[in-house]
Amino acid sequence: MNLSSKDNKSKTPQHIAIIMDGNGRWATKRGLPRALGHKKGAEAVEEVVKGAKELGVKYLTLYAFSTENWNRDEDEVKTLMGLLREYLKRNLIEIQKNNVKIKFIGELYMLDKDIQDSIKKIEADTEKNDAMTLCIAISYGARQEILSAVKKVVGLVKRGDLSEADIDNKVFSDALYTRDIPDPDLVVRTSGEQRISNYLLWQVAYAEFYFSDVFWPDFNKKHLEKIIEDFNSRERRYGKS
Ligand code: IPE
Ligand code: IPE
Ligand code: MG
């Protein structure tokens with residue numbers, strides 16, 4: 001079958017979720033400190049966000065820092081938070097120019113107050129942008145997200161705003177941090193690891209998975225393009241025959 005470029009574009013996954021892994025090993029392999037790997041990784045984010053938009057992706061979710069990552073060395077956590085601060089400051093202008101809407105998901109209350117404030121501001125400032133939604137998972141853990149959704153739903157039932165019989169997939173999805181975002185069509189993990197590491201556990205029920213051996217700092221638009229091509233060759237069945 002010969003697909004025209006228009007047809008190809010129409011098959012671009014609507015939502016790609018990436019686990020950006022391998023910054024540390026990228027640096028160690030070169031005899032460099034892990035912090036440098038994270039710095040390079042932050043640069044790759046900028047290129048991939050731009051690339052994804054150009055490829056027609058409507059939602060891009062990036063796993064930047066997990067709830068379990070709080071357990072890393074204090075120095076490494078400091079480096080990562082410093083990079084996040086820089087990213088929030090520096091990229092706003094670029095993101096506005098590109099018409100990208102930014103959203104953050106995770107246990108955001110665990111972040112320093114100044115970061116929380118910048119996040120609120122950047123979300124408000126980009127709210128009306130509509131070329132692509134960039135969702136950044138930071139201090140994020142899927143189990144924590146699910147537990148918080150359970151508590152929200154229980155609260156609604158207790159207050160009499162919802163009957164137990166009406167709890168369904170939609171009600172539960174709407175109680176998650178990702179309420180305005182469709183489920184990912186494709187999950188990509190870089191660095192060769194093949195695990196989910198507490199990422200979007202509810203939302204990936206029918207996602208396709210792609211594991212790339214490339215360390216995140218080396219990942220670029222070309223890699224993403226190839227992965228989308230692979231995605232297009234798959235048949236999604238959703239349990240049907
Ligand atoms: C991903 O790279 C970034 C974060 C998890 C914050 P890693 O720091 O996990 O790099 P590796 O897996 O040790 O190589
Ligand atoms: C997952 O990577 C989290 C992010 C990429 C932000 P990790 O490097 O923390 O995951 P594990 O520890 O290898 O499972
Ligand atoms: Mg890792």
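Which residues surround ligand 2?

**Entry 1, ground rules.** I am working with a predicted model, where local features need pLDDT of at least 70, side-chain atom pairs count only at pLDDT 80 or more, and totals for chains, interfaces and linings use all residues. Residues are numbered from 1 along each chain as its sequence is written, chains are lettered from A and ligands numbered from 1 in the order in which they are written, and side-chain values use heavy atoms, with hydrogens and water left out.

I looked up the shell of ligand 2 (residues with a heavy atom within 4 Å of the molecule) and found Ile-19, Met-20, Asp-21, Tyr-63, Ala-64, Phe-65, Asn-69, Arg-72, Arg-189, Arg-195 and Ser-197. I then checked polar contacts, pairs of N or O atoms within 3.5 Å: oxygen atoms of ligand 2 lie 3.2 Å from a side-chain N or O atom of Asp-21, 2.8 Å from a polar side-chain atom of Arg-195, and 2.7 Å from a side-chain N or O atom of Ser-197.

**Entry 3, the sheet.** I noted that strand E2 gives the most to the shell around ligand 2, with 3 residues, where a strand is a DSSP run of E with at least two residues, numbered from the N terminus. The open sheet has 6 strands in the order E3-E4-E2-E1-E5-E6, with parallel pairing; two strands pair if DSSP finds at least two bridges between them. Strands E3 (100–105) and E6 (208–211) stand at the edges with a single partner strand each, so one side of each has no neighbour in the sheet. I also followed E2 (residues 59–66) to E4 (residues 132–140), which run parallel and are joined by 7 bridges, and Leu-60 has Leu-134 in E4 as its bridge partner.

Technical notes
Helices (H or I, at least four residues) and strands (E, at least two) are DSSP runs, numbered from the N terminus. A polar contact is a pair of N or O atoms within 3.5 Å; within protein, one must be able to donate a hydrogen and the other to accept it, and residues adjacent in sequence count only if both atoms are side-chain atoms.
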